[in-house]
Each structure stands twice: as C-alpha cells, then as structure tokens.
Amino acid sequence: MSCIRQHTSNPFSLLVKPASSDCNLSCDYCFYLEKHKLYPETIRHRMKDEVLEKMISSYMNTSQPVYYFAWQGGEPTLMGPEFFQKVVEFQTKYGWRGAIVSNGLQTNATRITDSLAVLLSKYKFLVGVSIDGPEEIHNRYRANNKGRGSHGDVLRGIEILKRHGVEFNALTLVSASNVDHAKTVYRYLYDLGIYHHQYIPGVEFDGTGKARPFSISGKQWGNFLCGIFDEWIPSDTRRVSVRLFDSIVGHMMDWRYRMCLQAGRCNQYFVVEYNGDIYPCDFFVGPQNKLGNILSNTWDELGSSKNYRSFGKQKADWNNLCKNCDFLRFCSGDCLKHRHYKDKNSQTLSWLCEGWRKFYRHALPSLEKIAMSLLNERQPAFPHPESYHFHSLPRLEIRRNDPCFCGSGKKLKYCHGAGKVKTAGRKRRV
C-alpha cells in the first residue's frame, strides 16, 4: 500500500451492513427489514472478501484521526467469528504505524457465542446490545421469526459478554412498549450492571406520513427523557453514562458534537451495504440516495459528489421556528428522519420538537452545572465558574462572519448565530 494517504477535507466513519438487512429476529419496529427489497437477487446477503478488503484498504488509505467501523445490520453476527477475524486481519494489513482503529458492533445479542466474545474482547470491539427493558416490555416488539420473545436469549448473550470482559452498552429503542416506563427501564438496566445507556426514539411513518402504531409522540419523548434524567441526576452522574446527556455536556465544554442528530450537517459517515453500495445515512438507504459502489468509486469521489453534499446540507435547512429557539444549539433542527415524514421536506418541524423542548428546559440548568464542574476540574484556575453561562463555554473567540461551529459551512450569523447564540460585530465570547 502506498505510504501517501488520500487527503480528506472532512473526517468520516463507516457504518457497515455485512449481512445487509438479514436478521434472525423480526422486530415490529425495525426499519431495516424492509430493505431486503433493494436486493431481491438473493435471499441470503453476505459481504464477500473482495468487498471487505477493498472497503478496508481504501478507507485505511485516507487520512483520518480515527478509523471507525460500525458493524450493523440487520444482524451482523450472522457473519460469524471468522468474518470478524478477517476484519481485524485486513485492518492490520492495511493500517499504518500509529493509526487508531475503532470497531463497534451493534447486535441483538441473541447469537453471541464464547468464540465470538473471545475475539471481541481480544480486539477491543465496543458492543452495543439492543435491549428495551424487562421481559414483558422487551418482548412486545422484539420477537424472533417464529414469534417467540428474545429477552431470555439477550440475557444469555450479555452474560457471555461479561464473562469474557467485552465492553458493551445498552441501546434502548423507546417505543409504545416502554415510553411510559422510564424509571423501570433505567433501573432495570442499572440492576443488570449496565452503566452505559443510549436511548433512541422509535418513530416510523407509513407512506402517507402517518405514525405507525409502535411510534411515540413528541410529548411522550419529552416525558421519557425527563424521567430518565430524574433517575440519573441525583447520584449517577459519575457512575452511569447516558450518551445524550454526555454529548450535551461535552458540547457545552468544547462546542463539538458527539451525535450526528445534533450536528449541522449530515456528511459524517457512509453506509456500506453488503455488496459495496454506498449511501449517506442508514435511515435513508434507498435507490434515490445511492452514491456509488466501493468497488468502482473512491471515497473522494463519493464525498465530493453532488448527491452527498446536497443530502448533507438539508440538516441546516430547518424550520423558521428553529431560528429563534433557545435550544437550536443542541439539536440543529433534529434528525432529518423526524423531519421528512411530510412531503420529504427538511423544513418540516421535527415530529419530536415538543419533547426536545420540554427536556431541554428541564435538564439544561443541571447539565450546565456539570459542565462547569468538569471544566473547573480540568482548569483549576478558571475563576468564578458560577459567574459564567453555558453560552460562555468554552472561552472561544468567534466572529459573526466566522464559519458556524456546527459544521454546516454557513457563517455563524446565518446559522446557529441567527437565534439565541449570538455575537456582536466585534470579537467576543459566545
């Protein structure tokens, strides 16, 4: 491999679907399952070595601060341990001295075996386990192809991961089954010894833009998040990591986004399908959004394509009500998935807007105190931290005509600076 790596203007990661939408479960709310219609030429979809090697070698030949691979599906463990052994071998073969490689595996955990867990532990894969709460909650929508609930199999998978020291977190889909049981869900995960939580709103629409039965409303989402926050804030802030809360605190401290739903653009990663087809987002895998194929296109071609750039710009094309919202800094109009339910228009107000606003009003004052405390720990000489508001964190210098911190490419005054995060014409803290 050439020692000269391709320059990339924006770092990106890969979300890889080695088994496409294939899965051993048939969850009612899964938006991946219907994607099998994209590839009707075969019933069983598995990534070939040719595609795997080309994807890894070409990606490792770009310049990235971290080479991040997120292995998802469908169910990626259908590939078996041998596949992930090849993954590591190709990453080693095409990596360069000092390169940082990170692998994440999102799984329903029902197919975790000792041999797979040994490999995941040895090569430090971070595993996300889908679990929605106690058995009666989890099994409502998460059943196998024969209609049998998967909760018991998930717990067995978790025990195997623990036995082999695999680092893992919980990904909880918030649906009609658990949205009214925030405390129950939080405490259940905590009692299982799971201290890294990620909560995802379950919202899907039919062809007419109507929410499907398992979907939650904005009001329910806000109540759920407030419920989780109220369980977390009294004594668990240094013990339990809730990804959303962590990302907000981190952004208060350094203006960087940790979650793509918060960012000002949707050009953060590429989806790689089992056959090498490339898409801009896992929520928008479809013929109209196909960018190319890794066997015939370079990452530079894909990243600079008109379709990719146009897709990414939609994120900052938010509703007029967002421009003067106190919380625009933290959601950037929300994920396009929650805005495209009506006429595929990015300017539609997020389905979850009411909930986000309720949560931010409830939680931001306390999260601000946490950010100030952490900043003061890192900078003991920081004077009178209680006198600063989060708009003063960190003490960065930004002009109204500077590029917005969100990454949209717009000037601050035309982006997040159009609302509550403003600067004067002179140089000042924001």
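A search of the whole structure, a predicted model, finds one cavity of 30 Å³ or more. Grid points are joined across faces, edges and corners, and a volume is the space filled by probe spheres set on the points. The largest cavity has a volume of about 130 Å³. Its lining (residues with an atom within 4 Å of a point) comprises 15 residues. C260, C266, Y269, C281 and C335 lie nearest the centre of this cavity. Eleven lining residues are nonpolar, one is polar and three are charged. Here Ala, Val, Leu, Ile, Met, Phe, Trp, Tyr, Cys and Pro count as nonpolar, Asp, Glu, Lys and Arg as charged, and the others, Gly among them, as polar.

The second largest pocket holds about 680 Å³ of space. It is lined by 25 residues, and F205, F283, F284, H340 and K344 lie nearest its centre. Its lining divides into eight nonpolar, eight polar and nine charged residues.

Helices (H or I, at least four residues) and strands (E, at least two) are DSSP runs, numbered from the N terminus. Helix α1 (residues 49-60) packs against helix α2 (residues 81-94) at an angle of about 35 degrees, with their axes 9 Å apart. Axes are lines fitted to C-alpha atoms, for helices over the stretch in contact, and angles run from 0 to 180 degrees between N-to-C directions. D49, L52, E53, I56, S57 and M60 of α1 are in contact (heavy atoms within 4.5 Å) with F83, K86, V87, F90, Q91, K93 and Y94 of α2. Seven of these residues are nonpolar, two polar and four charged.

T110 sits in the loop between β3 (101-107) and α3 (114-122). Beyond its neighbours within four places in sequence, T110 contacts N24, L25, S150, D153 and V154. The C-alpha atoms of T110 and T77, 33 residues apart along the chain, are separated by 9.1 Å.

Mean pLDDT (the predictor's confidence in each residue, from 0 to 100) is 90 for the protein chain, and 90% of residues reach 70 or more. Over residues 381-395 pLDDT stays under 50.

Local features need pLDDT of at least 70 and side-chain atom pairs 80 or more, whereas totals for chains, interfaces and linings use all residues. Residues are numbered from 1 along each chain as its sequence is written, and side-chain values use heavy atoms, with hydrogens and water left out.

Definitions and conventions. 1 Å grid on protein atoms, 1.4 Å probe; cavity = no way out; pocket = protein on both sides within 12 Å on 5 of 7 lines; lining within 4 Å.
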